[in-house]
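Try each task first, then check the steps below it.

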Amino acid sequence: MVSQTVTIQFLGLPGAGKKRLKQALQVYIDRRTGDSEQKIDISVPEFSALASGTSIEGRYDLNWLVIDSRSFLEATDPQQQKALAYLEQLLSHCDAVVWMFAESSELTVQSQWRQWLRQWSSTQQTVLPSVQCFSQTFKFPHQGIEGLLQCAPSSLQQPLPPLSTFHSFHFQLPKVSLEHLLFVLDSSRQNLQMDVWRVKGCVITQEYVNPVAIEGTINRWDTYASELPENAPEMGHLIIEGLNLDRDLLQSLLQAAIAQGESNSVRLVDKR
């Protein structure tokens, strides 16, 4: 390898694990022996910047597409089909693919993703290298990740495909019913024509003593015990991102999930 700084940008859908990959790659570089002069400069842009159609080529040596491999996106679902189509557009701007959360991905799901990539490669008459990332241990197959670090940069100079209807809303919430909250979030995604691509936050619930962290993507929900920031011990927060989002409708749906007896209301903190 050359003794220089390699600049890498991570692209992908919201919640794909780009920040986790940045941690894993930095740990890998720190552990790697030999070629100690090579440095890696990693950029993880906010998805709102990508959605605006920002041009990326020419500013980074490599662009990697990061995909959450735990759940496959089905083309038969209208919302998931939009996300798949966007990923295929991003592939045209990327030099490699990283499959995140490999240790939590079933083999059948991994096979679906690899078949999807093969089909795209066959259509485009090009082959992109790919590698799995074991995000819990911050490990990669050695030969695979070294191959990605050495792959030739793309010569494309096209801007990213814009997503004009993408929005991000940050809400503050009092205590909620977690069951009701997950129900209204799922309803907003499935029944109201809003394409919810990402939900993340931490809430106080009537069901559990500990605050509950919520991580949601287009086709999965994950909840686990967490902690609230010290500066907001009595209020939870939730960020909802996606296409065609109706802010007022989302706020009213979240209000419906507030626990009985709570006097505070859902409040919009920020929007993008």
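**Exercise 1.** By class, how many nonpolar, polar and charged residues does the lining of the largest pocket have?

*Solution.* First, some ground rules: this is a predicted model, where local features need pLDDT of at least 70, side-chain atom pairs count only at pLDDT 80 or more, and totals for chains, interfaces and linings use all residues. Residues are numbered from 1 along each chain as its sequence is written, and side-chain values use heavy atoms, leaving out hydrogens and water.

Next, sort the lining: seven residues are nonpolar, six polar and eleven charged (Ala, Val, Leu, Ile, Met, Phe, Trp, Tyr, Cys and Pro count as nonpolar, Asp, Glu, Lys and Arg as charged, the others, Gly among them, as polar).

**Exercise 2.** Describe how the rings of Phe-47 and Phe-166 are arranged.

*Solution.* Start with the rule: rings of Phe, Tyr and Trp (its six-membered ring) pair if their centres lie within 6.5 Å; planes under 30 degrees apart are stacked, over 60 edge-to-face, the rest tilted. Here the centres are 4.9 Å apart with 65 degrees between the planes, so the pair is edge-to-face.

**Exercise 3.** Is Phe-47 buried or exposed?

*Solution.* Phe-47 has 5% relative accessibility, so Phe-47 is buried (under 20% relative accessible area; exposed is over 50%, partly exposed in between, with a 1.4 Å probe and protein chains only). Phe-166, at 8%, is buried too.
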